[in-house]
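I opened this notebook to record what I looked up in one structure. The entries follow the order in which I took up each topic.

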Amino acid sequence: MARESRKWMVLVATIWIQAFTGTNLDFSSYSSDMKSALGISQVQLNYLSVASDFGKAFGWCSGVSLLYFPTWFVLFFAAFVGLFGYGLQWLVIHQIISLPYLLVLLLSLLSGCSICWFNTVCYVLCIKSFETNRALALSLSVSFNGLSAAIYNLVANSINPNDKKLYLLLNAVIPLITSIVSLPPITTRHLSNEPSPSDNHIPTNFYYLTALAVITGLYLLILNPISTNVPIARFVLSGAMFLLVVLPHLVRFDLEGSSVDKETETRSPNDFSDSESNDLFKDRVVVVLGEEHSTRVLIRSRDFWLYYVAYLCGGTLGLVYSNNLGQISESLGFHSDVGSLVSLYSACSFFGRLLSTTPEFFRHKIYYARTGWLALALIPTPIAFLLLVFSDSMATLVTATAMIGLSSGFVFSTAVSITSELFGPNRAGVNHNILITNIPIGSLLYSLLAALIYEANIGNSDKIAATRDGSTVCVGRDCYRDTFVWWWLISLLGLVSCSLLFLRTKATYKRIEKHRKHSTQTMLLKSFSSYDEG
């Protein structure tokens with residue numbers, strides 16, 4: 001009973017951490033003030049954004065740290081790194097202190113590191129606390145990260161809607177407060193694994209928390225746009241805090257267990273009999289589900305690089321699209337709609353993350369390899385870019401943004417589970433951070449590609465150029481059309497890579513699932529036999 005209570009409180013704590021530490025999502029809110037305070041160009045401002053993404057390149061350090069240090073230490077290290085990085089930037093933007101551009105660039109890098117460390121803590125806590133429904137816990141927790149932008153917007157509007165510099169102070173302080181509040185369930189003594197529920201049973205708590213996530217997302221999506229003054233913002237924020245802080249405590253701390261799942265879940269592929277092992281993994285072509293991969297083995301795996309390319313050309317591409325959404329809409333003549341488009345992408349990204357939990361609820365009716373779900377989730381992205389190539393209407397832009405948001409959100413969420421399944425749960429904190437090194441690489445390459453094409457169109461006789469705030473702006477359909485063509489081709493490469501990964505892993509997924517069901521049935525028969533004998 002004690003372990004059951006603890007693991008649900010751990011899940012609630014990871015939900016809080018994810019919801020209140022997505023500080024990289026509000027950069028556009030204070031970027032103009034930062035540009036003015038530092039007196040830098042638009043290109044230099046973009047480098048600050050890229051530097052934050054490059055913080056993820058050092059995210060593997062958090063996974064390694066969790067192998068040697070307690071979780072609370074890593075959590076507070078992330079909080080204090082963010083406090084230092086964002087806090088000094090807040091002092092710079094208020095011109096309380098003066099720092100050279102290179103140091104501010106380094107501070108952005110540190111801030112990006114803190115975000116990655118928070119995420120790793122959540123991944124590891126979910127993996128260790130949930131054996132049976134690990135993927136569901138991961139997807140549910142990660143989905144709340146998509147709400148961070150809306151939450152920070154509400155907090156800022158509740159204090160001073162006209163002070164955009166306030167976001168940096170909130171980025172520094174709120175994650176530290178969240179870490180303190182989340183500390184009790186995280187530091188509770190880890191109990192030995194007790195029997196978990198049968199894998200044929202999804203605990204009621206998951207249905208409750210998923211429904212709560214949907215309600216919270218819709219609440220913020222509908223009410224956040226009207227929270228433009230202090231009284232309304234505070235009222236809406238109080239409702240959001242009730243949904244995020246109070247209602248999660250209503251999860252039922254009941255012991256939902258039988259002796260079945262411990263047997264089925266804790267057996268790794270290495271525990272199979274020799275005949276099973278020889279039949280299932282004889283060619284060693286497919287990465288064994290649940291087998292631990294060291295860094296050396298990981299980077300030598302062809303499956304990992306197929307996975308890496310799929311993420312790089314899928315989820316990361318969608319993230320870069322969102323970063324360029326302001327200039328894209330401006331070039332198409334929809335500058336006044338930038339805010340609504342960014343909100344649309346954020347909302348769709350959240351629901352895409354939440355949608356990744358769906359396969360778990362229907363797992364026992366329709367079982368499909370998770371890499372197959374990932375491939376299906378990548379399909380909307382090339383379709384969206386193809387629509388943008390042939391049409392520049394507002395309806396097309398809205399549709400494409402929604403499709404890319406749903407697709408990338410699904411990828412971000414389900415990728416954590418895939419990393420754990422393919423390369424082992426114990427090193428997932430390290431291995432997943434190695435995977436997401438593709439984000440800074442993609443951010444740099446894709447943004448550079450878009451910038452070069454954008455600049456090439458400025459000054460051409462058949463393009464319309466305008467000047468705003470001393471900077472030259474490209475206006476017209478052609479400003480991004482070639483970029484969309486390139487992004488369409490890149491997204492197709494991601495889809496092909498993920499399809500190949502699915503083909504290489506589906507047999508293993510199928511056989512492991514068959515073995516799990518067989519073990520479950522065997523244990524149930526043993527349980528009934530013991531009951532009859534008693």
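The entries below go from the whole chain to single residues.

**Entry 1. Basis.** I worked on a predicted model, in which local features need pLDDT of at least 70, side-chain atom pairs count only at pLDDT 80 or more, and totals for chains, interfaces and linings use all residues. Residues are numbered from 1 along each chain as its sequence is written, and side-chain values use heavy atoms, with hydrogens and water left out.

**Entry 2. Whole chain.** I looked up the secondary structure and found 25 helices and two strands; these are DSSP runs numbered from the N terminus, helices being H or I of at least four residues and strands E of at least two. Of the 534 residues, 56% are buried (buried is under 20% relative accessible area, exposed over 50%, partly exposed in between, with a 1.4 Å probe and protein chains only). The chain exposes about 22500 Å², of which carbon and sulfur atoms supply 65%; the areas come from the Shrake-Rupley method with a 1.4 Å probe, and for residues only the protein chains shown count as cover. I also checked contacts (heavy atoms within 4.5 Å): among those between residues at least 6 apart in sequence, 84% join residues at least 24 apart.

**Entry 3. Cores.** I then examined nonpolar cores, meaning sets of buried Ala, Val, Leu, Ile, Met, Phe, Trp, Tyr and Cys residues joined through side-chain atoms within 4.5 Å. The largest has 59 residues, and Leu11, Phe144 and Phe206 are among those with the most contacts inside it. Helix 1 (residues 2–20) gives this core its largest share, seven residues. Another core, of 30 residues, lies apart from it and includes Phe334, Ile404, Tyr480 and Trp487.

Leaving out residues up to four places away in sequence, I listed the partners of Leu11; among them are Cys126, Phe130, Leu140 and Phe206.

**Entry 4. Phe350.** Is Phe350 buried or exposed? Phe350 is buried, at a relative accessible area of 2%, and belongs to helix 18 (residues 338–355). Beyond its neighbours within four places, Phe350 contacts residues including Ser143, Phe144 and Gly217. Its C-alpha atom is 8.1 Å from that of Gly405, which is 55 residues away along the chain.

**Entry 5. Salt bridges.** My criterion was a side-chain nitrogen of Lys or Arg within 4 Å of a carboxyl oxygen of Asp or Glu. The count by this rule is two. One joins Asp303 and Arg504, with the closest N and O atoms 2.7 Å apart. Asp303 lies in helix 15 (residues 302–312) and Arg504 in helix 25 (residues 478–533), so this pair ties together parts 201 residues apart in sequence. I noted that Asp303 is buried at 2% relative accessibility, and that Arg504 at 19% also counts as buried.

Asp478 and Arg481 form a salt bridge at 2.9 Å, N to O. Both lie in helix 25, three residues apart, about one turn of the helix. Asp478 is partly exposed at 22%, and Arg481 is partly exposed at 32%.

**Entry 6. Gln95.** I looked up the backbone of Gln95 and found a positive phi, near 60°. Most residues other than glycine have a negative phi. Gln95 sits in the loop between helix 5 and helix 6 (101–129) and is exposed, with a relative accessible area of 58%.
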